[in-house]
Amino acid sequence: MADSHPSQGNNPAGEIKDDPLGSCVRKITSSGDLPAISNHIQELMAVSSNERTSLSQFANVILKNVSLTAKLLRLVNTVYFTFQRAPIYSVSHAIVILGWDIIRDTAASIMLLSDFGKKSETVRDLLLLSVLTANNSMEIAARCQYPRKEEAYLCGMFSVFGELLAATYMPDEYATIEGRIKSSGEEQNTASLDVLGFTFHQLGRAMLKNWGMPERLTAGTQRLESVSCQPRTDEQWLSLISTFSHALTNEVFRSEP
């Protein structure tokens, strides 16, 4: 059974009652530095989804950010993203070789992780967990013969997004949740639901939707509680891969030897 958003319930009086998840998303998006990242990501999504956008216009959105350009080219030249023998020297070349969708989603994830890397030690540890989960997702996708390993990589990376947001923007509540997990062995979902009114995973998916991230990427981060049948769609495969990868990485990275 997958995570679901908290129910609004019946409201016979016709009043609009705010839910904890929606309030949290608005609080985060209205905070200091995150709106700038959100604007950059939304610009990237808007340009790449416009049928009239030329390759050079798309590339120029990325080229405006020198740091992003360097990191993107370094990443696409790794074995994970291309088997080309000749190196990729430009953003335009990367778009032609790998496609608009892959470059768009990869650039968005780089922007996100670059900003969070400036935060606290706890957040940096979660970034490491995110990157390890992403790499495990890609390896699992290859073993499952899922054809688009880059999508699995991104879904694995964003499977930790909600926890990153909580640790960054709600440090006191996050510390309370972590304390309950360590002291009594409480499940993370149970503790976060009690303290926040929603799970970390629900927060991550809500923020991805708020930013207009591609539906397949958002759906592929859906956390599964159980598997009753063979996955049939790309979204189901991505959910299964990212869920398993997150559980595996969490055990190896966080558990005692």
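1. In which helix is Thr-106 found? Thr-106 belongs to helix 6, which covers residues 100–116. The model is a predicted one, and the remarks that follow should be read accordingly.

2. Is Thr-106 buried or exposed? The relative accessible area of Thr-106 is 1%. Because buried means under 20% relative accessible area, Thr-106 is classed as buried. A polar atom of the Thr-106 side chain lies 2.6 Å from the backbone oxygen of Ile-102.

3. Asn-135 has its place in helix 7, residues 121–144. With a relative accessible area of 22%, Asn-135 is partly exposed. The side chain of Asn-135 reaches a backbone oxygen, that of Val-131, at 2.8 Å.

4. Two packed helices are described by the angle between their axes and the distance between the axes. For helix 3 (residues 55–63) and helix 5 (residues 91–98), the axes come within 9 Å and cross at roughly 120 degrees. Helix 3 and helix 5 are therefore oblique to each other, and their crossing is right-handed.

5. Which residues of helix 3 meet helix 5? From helix 3 these are Leu-55, Phe-58, Ala-59, Ile-62 and Leu-63, and they meet Val-91, Ser-92, Ile-95 and Val-96 in helix 5. The residues of this contact comprise eight nonpolar, one polar and no charged.

Definitions and conventions: Residues are numbered from 1 along each chain as its sequence is written. This is a predicted model: local features need pLDDT of at least 70, side-chain atom pairs count only at pLDDT 80 or more; totals for chains, interfaces and linings use all residues. Side-chain values use heavy atoms; hydrogens and water are left out. Helices (H or I, at least four residues) and strands (E, at least two) are DSSP runs, numbered from the N terminus. Buried means under 20% relative accessible area, exposed over 50%, partly exposed in between (1.4 Å probe, protein chains only). A polar contact is a pair of N or O atoms within 3.5 Å; within protein, one must be able to donate a hydrogen and the other to accept it, and residues adjacent in sequence count only if both atoms are side-chain atoms. Axes are lines fitted to C-alpha atoms, for helices over the stretch in contact, and angles run from 0 to 180 degrees between N-to-C directions. Angles under 35 degrees count as roughly parallel, over 145 as roughly antiparallel, 65 to 115 as roughly perpendicular and the rest as oblique. A crossing is left-handed if the near helix is turned anticlockwise from the far one by less than a right angle, and right-handed if clockwise. Contact means heavy atoms within 4.5 Å. Ala, Val, Leu, Ile, Met, Phe, Trp, Tyr, Cys and Pro count as nonpolar, Asp, Glu, Lys and Arg as charged, and the others, Gly among them, as polar.
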